[in-house]
Amino acid sequence: MGALRSLLPLSRLNDQQYTAATASYGHNLIIASAGTGKTSTIVGRIAYLISQNVKPEEILLLTFTNKAAQEMVERVAAFFGREIASKIDAGTFHAVSYRWLKRKEGKVVLKQPRELKTLFRSVYEKRTFSHIDCATSAYGANYLYDVYSFYQNTELNTNFEEWVLTRQDEHAVYAAIYADIIDEFEGLKKEYGFVNFNDLLLHMRDLARESDLGYKEVLIDEYQDTNALQGTLINAMRPPSLFCVGDYDQSIYAFNGADISIIGSFTTNFPDAKVYTLNKNYRSTVPILSLANTVIAYNERIYPKALEVTRTAEAQSPSLLIYEELFDQYHGIAQKIGDSSTNREEIAVIFRNNASADGIEATLREMGIACRRRGGTSFFDSKEIKALLDIYTLLVNESDMMAFIHLFDYAKGVGSAIAKELFVALQKLGRGSFLRGLYSPDSEISNPFEKRRLNHQLGLFDDYAELGSAGRFAKLGLDPNFMGNPILKHAKLSKDSATFLHDLFMLFRQLRDIKEPKAAVQKIALSNLYGHVVEMLSTRRAMTENGSIDERAKNESQERIRRKCTLLFELSRPYKDHERFLNAMVLGSQDLTQGEGVHLLSIHASKGLEYQEVYVIDLMDGRFPNRKLMSRSGSIEEERRLFYVSVTRAKDRLFLSYAKYDKIKKTNFVPSQFLFEAGLIPKDEIYTALVEKGTITKEE
């Protein structure tokens, strides 16, 4: 045992961490509260497994982010060498599933939610709900997609139509149409080989049920945020040993399907389970942790625990900042940050709602204080870069219908449904090849457009007009080789959308012989086709409240777009292969963080991070706790866990703030009940008013 304890990763653990890290094989649950060293414990566990002759490739480490997995593997590499550490299968549920499916199937076309929502809309837009007499409006396309995704993550037994009938009572009249949209959407995904993040887990679960994946132990970080689908995947793997690390007080993803009952029922599901608790907090001071514990104690205890603080030096108590008006709050906090001696990189402003972030970000920038906003639009998420990469995607993979549909968001008068019809028609004209359909359409096909199926019950109506004449575009000066293409007969093509198609034709004729990524990026950025994108985006961004266009703002917007294109050109320089460059841009964008200075973080984005100085803002009832979100899929317990996570990010100084009034909306605010629970505001007549109103109960 002495030799084992001297093993470096284990030698650095306290007694609680060491006991957990060296637990017997089987079903082990480690309750690791905020700041108690869960990462060190997981790394210690991996070291223990390797010392017990478990091969690194027999270890699966599942984490909430790929960055967390990478950091843990790096720490293992520091002790055992990179060759051993690199054999550990580590990553998020989705990343691990993606690698397994790539090994098994060779090619997996993974699509982001943004892309698949566009495909989903193309199916949805063919339906009409106006023939149904119902007081409740049908879900919009994007929201229905989100509802379906939530269903996939949480429902294990019933089909989608039955689920809507039983769980979404007021939408029962639309259930058959919703289900038919889902069926067609899934059929299209299968036809084009697209998979989304949920599909990865579903396919991985099937794979695990069919064969032994060879893992001796599966370690799961952030176990409290596991959802039902992930839970069934773990069960399907049937690992001889499970090592699950989590904290029910930090379960904050119920809106995304996370099921706190999974960690809560661990000992029921696994009667032989052993539960270990890490309760020595190394992060926060006594006053900060005391406040966090006082508030979270209002939630029901699933597993008993009492955090101990290891930092015993004199510490500053959390401060409550009260402001008369909402923007006084943002200016006041910005001023405090400006006067603070704390390194800007060690300061975080944490918010519950995006509107809160907008106010504080604008104020900080106005005062010249550098800041970066987590969850904001990164370089690769900007519409102009996504549009350029959509064009590039078609150059690399002409079968990518999603890239085509996304691109046509910038063609006036062409919605997702029409864009899909154009792509399918071009493939038909090209005998399976979209590009061949564009340049050498089959002369025997005069009408490449699908006849729509009719079903009034499922909202499918025949509103498709007769074919139009390509002659209506004769005065546009289109290339003669393009004018004869039957694609121009689509009845709903306007002059603008025909020009857009023509510019696509002209650009890809130039791109066909270009071999170097940098030349392709430059050609796309300077093309008439991309010019439509620049014009539409800059016009939207320069539109004033009265609908007029600020020409100066429009020119500045266009200049910013061009600068981003130049940056993408610089990024392309080292690459000699189109596919490698595109993969690097799509995959590499995920972990990109830009900027410096004060961190502006949503509570969800702050999870797992720590800062010397933390400001939790907008602690007004309705905003935090967010009553609107609670009424949809949350609860006061979930909001309280969010509060717990936000305040336990602070190491040394914690500031909690609220405002009494919003002069723009002319709204009076009541302080958050969490401030009452923390003992920062007495339970006076305001608290009584909340009880009488029914907003909170006396028990709270």
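Author: We take a helix pair, then a sheet. This is a predicted model: local features need pLDDT of at least 70, side-chain atom pairs count only at pLDDT 80 or more, and totals for chains, interfaces and linings use all residues. Residues are numbered from 1 along each chain as its sequence is written, and side-chain values use heavy atoms, with hydrogens and water left out.

Reader: At what angle do H12 and H13 pack?

Author: About 20 degrees, with axes 8 Å apart. H12 is residues 197-210 and H13 is 228-237. Helices here are DSSP runs of H or I, at least four residues, and strands are E runs of at least two, numbered from the N terminus. Axes are lines fitted to C-alpha atoms, for helices over the stretch in contact; angles run from 0 to 180 degrees between N-to-C directions.

Reader: Which residues of H12 make the contact?

Author: Among them Leu-201, Leu-202 and Ala-208. H13 brings Leu-229 and Leu-233, among others. Contact means heavy atoms within 4.5 Å.

Reader: OK, the sheet. What is the strand order?

Author: S11-S16-S15-S12-S14-S13, an open sheet of six strands with parallel pairing. Two strands pair if DSSP finds at least two bridges between them.

Reader: Which are the edge strands?

Author: S11 (319-323) and S13 (371-373); each pairs on one side only. The twist averages 20 degrees from one strand to the next.

Reader: How many bridges join S15 and S16?

Author: Five, in the parallel sense. Tyr-615 has Phe-655 in S16 as its bridge partner.

Reader: Which helix packs on the sheet?

Author: H17, residues 326-339. H17 touches S11, S12, S14, S15 and S16, and its direction makes about 135 degrees with that of S11.
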